[in-house]
Structures are given as C-alpha cells and as structure tokens.
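Visitor: I would like to learn how to read salt bridges, strand pairing and a nonpolar core in a model. Where do we begin?

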Amino acid sequence: QVQLAESGGGLVQAGGSLRLSCAASGPTFVRDTMGWFRQAPGKEREFVAAISRSAGNTYYADSVKDRFTISRDSAKNTVYLQMNSLKPEDTAVYYCAAARGVVINQQPYNYDYWGQGTQVTVSS
C-alpha cells in the first residue's frame, strides 16, 4: 500500500548540486522513517541519510553529512535530499526507502518499501 517515486537525478559536474525528491503515497504509519540509499556499480547498497516523521530526527552517513541535507514536506508527502559539493564517488543509483517504525541500524534490511531509483552521475 506504499509507493515511492524518486526524481531529480541527472548528470552534474564535480562541485555542483542536485536535489532529489521522493514522493510517497499510502498510510504514513507504515513509513515513519524515510531514508535514502545509493548503489554504485559493483558495490553493495549503502546508507546515505534518513529522517523520522514522528520525531524529526535526521541521520547521515559520515561520507555525506557535511554536504547532503535530508528534509521533508509533510503537506506534499515528499522527502528531499539536497546534495551539494558533489564528487565523482557520489555517482550511483539513489533509492528512496521507507520503514514502518524506528530504525537504529541504518541497513537496507531494516526498510520495508523501496522506490525504483534515480541515477546520479558526477563527472570530473
């Protein structure tokens, strides 16, 4: 009953910025935590950022916490990922994910719903 749709990916030069959006539908009680993950070719899916709907807490991977910002617009049922100072190593497919409850360990297996992903490519 939950659907997630990412948008905003594209090609950008190193040092540039992109804003990803995740439009969510379905009951909010089964998506209390919203997160962003990414997966580069040949690598495992890794955590990027997350936000709690009920508590408003945010969480970031060490590799992005000074450059990326996660936010939400409750009225639009949309979560955003503002990405600044992009690096070639940020190149990946970015996935929006939702968890039914609180997530302590930010691993993919703790999330219940996933979008189809949006490609982000950072050139040097």
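Predicted model: local features only at pLDDT ≥ 70, side-chain atom pairs only at ≥ 80, totals over all residues.

Visitor: How do I judge exposure here? Are Arg100 and Asp112 buried, partly exposed or exposed?

Guide: Buried means under 20%, exposed over 50%, and partly exposed in between. Arg100 has 47%, so Arg100 is partly exposed. Asp112 has 31%, so Asp112 is partly exposed too.

Visitor: How many salt bridges does the model have?

Guide: The count is 5.

Visitor: Which residue does Arg38 meet in a salt bridge?

Guide: Asp90, at 2.9 Å from N to O. Check where each partner lies. Arg38 is in strand E4 (residues 33-39), while Asp90 is in the loop between strand E8 (78-83) and strand E9 (92-99). The two are 52 residues apart in sequence, so the pair ties together separate parts of the chain. Arg38 and Asp90 are both buried.

Visitor: What does Arg67 pair with?

Guide: Arg67 also forms a salt bridge with Asp90, and the closest N and O atoms are 2.8 Å apart. Arg67 lies in the loop between strand E6 (58-60) and strand E7 (68-73), 23 residues from Asp90. Arg67 is buried, as is Asp90.

Visitor: Which residues make up the network of salt bridges?

Guide: Arg38, Glu46, Arg67 and Asp90 are linked in it.

Visitor: Now the strands. Do E7 and E8 pair in the parallel or the antiparallel sense?

Guide: Antiparallel, over 6 bridges. Asp73 has Thr78 in E8 as its bridge partner. E7 and E8 form a hairpin, with 4 residues between them. Look at the turn: Asn77 there has a positive phi of about 50°.

Visitor: Last, the core. Which residues have the most contacts inside the largest nonpolar core?

Guide: Met34, Trp36, Leu81, Met83 and Tyr94, in a core of 35 residues. Next, ask which elements supply it. Those giving two or more residues are strand E3 (18-25), E4, strand E5 (46-52), E7, E8, E9 and strand E11 (118-123). E9 gives the largest share, 6 residues.

Visitor: What is Leu81 in contact with, leaving aside its neighbours within four places in sequence?

Guide: Its contacts include Leu18, Leu20, Trp36, Val48, Phe68, Ile70 and Tyr94. Arg19, Ala49 and Thr69 are also in contact with Leu81.

How values were computed. Residues numbered from 1 in each chain as written. Heavy atoms only, no water. Salt bridge = Lys/Arg side-chain N within 4 Å of Asp/Glu carboxyl O. Buried < 20%, exposed > 50% of the residue type's maximum accessible area, 1.4 Å probe, protein only. Pairing = 2+ DSSP bridges. Core = buried A, V, L, I, M, F, W, Y, C linked by side-chain atoms within 4.5 Å. Contact = heavy atoms within 4.5 Å.
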